[in-house]
Amino acid sequence: MNAAILSRGRLAVWCSCLALAFALPLVLKSGFVISLLCQIGIMAVFSLSYNMLLGQTGLLSFGHAVYYGLGAFATIHLLNAIGKGGGPFTTALLPFAGGLAGLAAGLLLGYVTTRKAGTTFAMITLGIGEMVAACSLMFPGIFGGEGGVSGNRVVGKETFLGFSWGPQVEMYGLIVLWAFACTVAMFALTQTPLGRMANAVRDNPERAEFVGYDTERVRFLMVVLSGFFAGIAGGLSALSYEIVTAETLNAHTSGIVLLIAFVGGIGFFYGPIIGAILVTVMQIVIGGMTHAWLLYFGLFFLFMVLMAPGGIASLIAVQRALWQAGLLGRMLPHYAATTLPVLILLAGLIGLVELSYALLTGDGSEGPSKVMSMQLELKTPAPWLTALAVTGIGITLTRWIGGRMRHEWNATLSTLHGDRS
Amino acid sequence: MSVPAIRIQGLKKNFGASEIIRGVDLDIHRGERHAIIGPNGAGKSTLFHLISARLPITSGAIELKGENVVGLKPFEINRKGLSRSFQITNIFHNLSVFENLRCAVLWSLGYRYSFWHRLAGLKDARQRAEAVMDDIGLGKRRDTPAGILSYAEQRALEIGITIASGADVILLDEPTAGMSNTETEEAVALIRRVTEGKTLVMVEHDMGVVFGLADRISVLVYGQIIATDAPAAIRCNAAVQEAYLGTTLNHD
Amino acid sequence: MNHRNFRSLAIAAGLALVGSSACAQVKIAYIDPLSGPFANVGEAGLKGFKEAAEILVNQKGGIMGQKLEYVGFDNKGSPQETQIQLKAAIDQGFRFVTQGNGSGAAHSLIDAVNKWNARNPDKTVLFFNYAAVDPTLTGEKCSFWHFRFDANTEMKMEAITNFMENDKKIKKVFIIGQDYAHGHQVAKAAKEMLAKKRKDVKVVGEDLHPIGKVKDFAPYIAKIKASGADTVITGNWGNDLSLLVKAAKDAGLKARFFTYYAGGLGTPQAMGASGNGKVLQLTEWHMNVPTKSTEKFALDFNKKYPGVYFYYLRVNTMTEMVAKAMNTAKSTDPKAVALALEDMRFPAENGEVWMRKSDHQMMQPLYISVFSKADGKTVKHDSEGTGYGWKTLASISQRDSQLPTACIMERP
Amino acid sequence: MEFIVISLLNGITYGLLLFMLSSGLTLIFSMMGILNFAHASFYMLGAYFAYQISTLVGFWPGLLVAPLLVGAVGAAIECYGLRRAHRFGHVAELLFTFGLAFVVEEVVHLIWGKVAVDYRIPAELDGTLFTLFDTSFPIYKGFMMLISVGMLVALYALLTRTRIGLIIQAALTKPDMVEALGHNVPRIFMLVFGGGTALAGLAGVIGGNAFVTEPGMAAAVGSIVFVIVVVGGLGSLGGAFVASLLIGCIQTFSVGLTISITDVFALIGVQLPEGSQVARLTITQMAPVLPYLLMVAILIFRPRGLMGARES
């Protein structure tokens, strides 16, 4: 370890994150929350590995799930193959095998995909992703067909330091360890010559060639390494769920990881972690609250693309910069003032969406239906008009107050940049 | 004389039906400062692109220090010790000045695609990048993202990236284009300083710069070199005068 | 439920179970896709369960005075999400889960339930499967904690081939299916059973196509046509089935289609007239099977939920059987309920059904019917408002679709 | 012989439909540099609009109105969404269309429900056009071919006979030049995006009832259209045309080939070990994967595509 990775501030942040991760299950004891945390840990590793491509090398991939899925299958097959011969210690090391499978897949597929960058790369990965997903259903012997391949992570009767990995909490601990190790490794990678040259290739591939680097090779290596970490994430998911299905390597999984990385912020190392937390919680918690979650999710994503293309992390970074420049105080009243109209607007919009969903998927019976814990008569205009009115008021207020905020925002930003340059 | 730094023979380049480079023969000696001048559209930048393999040649031969480099990729030529700058600023916009320069020195220091070395621990890379940074006068802008530097600073960085790897053959494509007089003077001093002991080939429009810097000058007109000589001789060359000033001078 | 009913029920409950609250409920978690591409299937199923619980159990006195309630959990069709939702349900105190869409999710659930019960013997969970038909679920992977209320792929094929045995018009059979476990199982069962029962029938072709990827089935139809087949057997469902039938009609293919899933959830609508007289299905029930009360139940259901059509009789059967088992066992402990369900014989609306103890596979009567123009008599009701409905060709008693099982059950 | 002719007809019909989709995608890509991920969503919208119109006033008005509506929706999305995303670069644009595909699918769920709608072929087109070797060829397929070819001719005329067509054509080969000439005006972008999506909408109108109109229809064709664009060569309309027909035919012909991979290798004298899963696969089973294999092969051996002029 070294000074660059472990500068005092950074060391403190890393350690407190690790401590927090280990402390969480002490506070949140429900099995559901533990499962949710496991999922977040897995997705954090997966999306960080994805960001090695998108954020750091500028490669937009639509087929990253291939590495994740192959890693998962390799792990589960190995788990089953070792069977009684293993023990908790070998089980704990299995995600590494998943990583190697991801690495091997990266070697093979990366050769084809990294011949191109940019849009072509995006399309090729999409095609290869589709191809692997389609193949996976043709070979039920390897991919288990529709039912997938399942295994049992509890091997034998003995324990390793008291852990059998049976209870989900123990699995969570294992995931935290792996996720932490992977995060440190991936961060360290950004601080190496290859990591830096990946940034250079992202910014200006031509110039990178003229300082002696083969951009194709840089992209290839990044795909391979990213495949390795994606494979580890897949291996962790195999151990956590004890089942792997062909779904883990299809386009949907690839799409989700892209969403996570982007929403979190691809320009920052920690962005995907924020994304993993946010998106997983949205998916599972909001998904449990409303059936319209996919729509909300899509709209939220579009909003992020148009309004905050740097993701949540960039928003945080800007606030931090403002704070350091002593300008945050100038913006805070405006943030506060904007909150109310935005909330009104959201309430109106959500009301409209939920009403529509209730009308279309509801029980269709006469009489009131339950929408957002209110008993409403869907067939009468009253709730609709109310929702429309609230939306209208929200739009007007948001435009009015938001316009003033934007003015102030631009002024503050120019002050900020003025200070800098 | 020893093997020339660059030897070009019968070089041709066609874009579709139009010939842009129509048979260039040129020897660049080791250690000389060589300028290529000529009217707009003469093919100066194209010639650079051909030498540095940014564009494939149509026919002919190019040797770098006696070695055939036709068909090599840009990075392979770079690794053989030829480095170039661009007319349109070509830097890593999101990286800081220091990172730009460090990227430029990594390969030549042999770190290749290493993902086991820690950048912060690479003392030689840091020192070299810092030395170049001071050379080009950007020491104070060390951590500024290259994208928000002023134009002249970006041009200086462009030169910095080009020389940082320690290549002994340097190609500069209009290094002072778009600069004010003072900036140009500083740039000339910079170029003179950093190319000490190296082979320099440059394309330049500013005759003050050309005649101030160059040991020899080649004049490229319509894809052919009409003259290669010392500055003083070029000044009096009739063909050059004709090319630059039209036909006001008598041929005979 | 109206107020008076509720009060009388509350009093009844109060009398029956001293100490238990009148509002106590038996809750079953319904873990199926409620969003995403298969949400329509999942939502239709949930509505069916809720309706069945209300009308068939709660309005008839409930379970030991308690109300039965199904609560939806959205597994988005994913086996992994299924496990997360199972944890969520267990956290909320659910001890019974039901699922049906997709054998992948069913495998995931059966595994998770087995492991959970092994690791938490004091908080066991019981899994009722209403539609996942992979034979291995009651075969090699059978579990004490799993009950299946739908006939599995092999049993259905047994019924279909029994029917074919007597239909001498059938000479050449073509098997087409989706290229995944279910399609493979259908094809395998069809070939084996035909070889046993009708040596004179030739299987003239067999094709597997990737699931959900084929837009134009014309080339497959051309092949079927070239093979001279008079009968097609397919396990296809959803669009893969509708498109197949449509393409057959376009190309003028005369062969009949024996299907598993032509009867519901949008397929009749998508097939429309092109299925007329050519598409046969095997189900435990359809709208034109005479029953005591299900006809009314279904009509009320269809009226109450426009656009959703009552399809799963087994949902009703399962709900009633579970209620009966709980009432018999006088307990809502999963193990007690499981023991009460074993070997239960129950007079369902489509005939007597039997829950076999050895593998927890329910045996029930099955019907082969053909898609034909509704005429108000034999085809009294049309399907999904298409003007076409199902006409019964044959009924198969529960005994005739029984098959031996490979199940070696570990009992607690 | 029979098999070949029938398969050829089927392949060409399918290929022409694919071309209607990929031509719009190619146009948008060459003009704007945007890979419209939501392109197939507009195809779906076309089908649903046409269904809605057909329930109100019949099929024929829908044939005209639905594509125009889709085009209008496309133009509006370009104007209010894409243009903003454009400022953040190509990745943001691509992601915008990616998210758009999500939202369109959900909105379709919301308005038309999650099951297939009953979008039928009009009675006057329902029937047999001719019977060939005992297999009937439906009128509707003939109609689809007619519309596709008509559209092809119209597109050709537009590109070669009008000013905007010439600009678009120039953009296909020399995007920088067109930009430099000051044609990079938002209005042209809007028109091209609207036009491209309208083409997809038209494909939806005639494809929706030939196949099934349901919320998954966009995802089903989405990736194959990308394969066509890559195989044909980015920005090449001719390439997209050839690739569409090629892939249409590959998909129909491969279905008819029951030989397995073992047989294929046996033809070239290689004996594969018995019993492995790969070796037992037949070409038929692989049919839908073949386009992707073709794409990979093209990328390895001819990276700029069949007729592509430039690499991206």
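Chain C contains 12 helices and 15 strands. Helices (H or I, at least four residues) and strands (E, at least two) are DSSP runs, numbered from the N terminus. The model is predicted: local features need pLDDT of at least 70, side-chain atom pairs count only at pLDDT 80 or more, and totals for chains, interfaces and linings use all residues. Residues are numbered from 1 along each chain as its sequence is written, while chains are lettered from A and ligands numbered from 1 in the order in which they are written.

Confidence was examined for chain C. Its average pLDDT is 84, and 93% of the residues score at least 70. Here pLDDT is the predictor's confidence in each residue, from 0 to 100. Residues 1-23 of chain C stay under 50. For this stretch the model has 18 contacts beyond four places in sequence. Two residues are in contact if their C-beta atoms, placed from the backbone, lie within 7 Å. Where pLDDT is low, the predicted coordinates should not be read in detail.

The overall dimensions of chain C follow. The C-alpha trace spans about 70 × 45 × 40 Å along its principal axes. Of the 412 residues in chain C, 63% are buried. A residue is buried if 20 or more other C-beta atoms lie within 10 Å of its own, exposed if 12 or fewer, and partly exposed in between, with C-beta atoms placed from the backbone. Among contacts in chain C with a separation of 6 or more, 70% join residues 24 or more positions apart.

Chain C is assigned domain 1 (3-151 + 291-363) and domain 2 (154-283 + 366-401). These bounds come from an automatic or database domain assignment. The domain centres, taken over C-alpha atoms, are 29 Å apart. Their contact takes 14 residues from domain 1 and 15 residues from domain 2. On the domain 1 side, helix 2 (39-57) and strand 12 (351-355) each supply at least two residues. Strand 12 gives the most, with 4 residues. By class, this side has 9 nonpolar, 3 polar and 2 charged residues. Ala, Val, Leu, Ile, Met, Phe, Trp, Tyr, Cys and Pro count as nonpolar, Asp, Glu, Lys and Arg as charged, and the others, Gly among them, as polar.

One strand pair of chain C was examined residue by residue. Strand 8 (residues 231-234) and strand 9 run parallel, joined by 4 bridges. Two strands pair if DSSP finds at least two bridges between them. Phe258(C) in strand 9 is the bridge partner of Ile233(C). Arg256(C) and Phe258(C) point one way from strand 9 (residues 256-259). Phe257(C) and Thr259(C) point the other way, and all are buried.

Contacts between chains were also listed. In chain C, 31 residues are in contact with 28 residues of chain D. Elements of chain C that give two or more residues to this side are helix 2, strand 7 (202-209), helix 7 (218-227), helix 8 (239-250) and helix 9 (267-271). Helix 7 gives the most, with 7 residues. The chain C side divides into 14 nonpolar, 9 polar and 8 charged residues.
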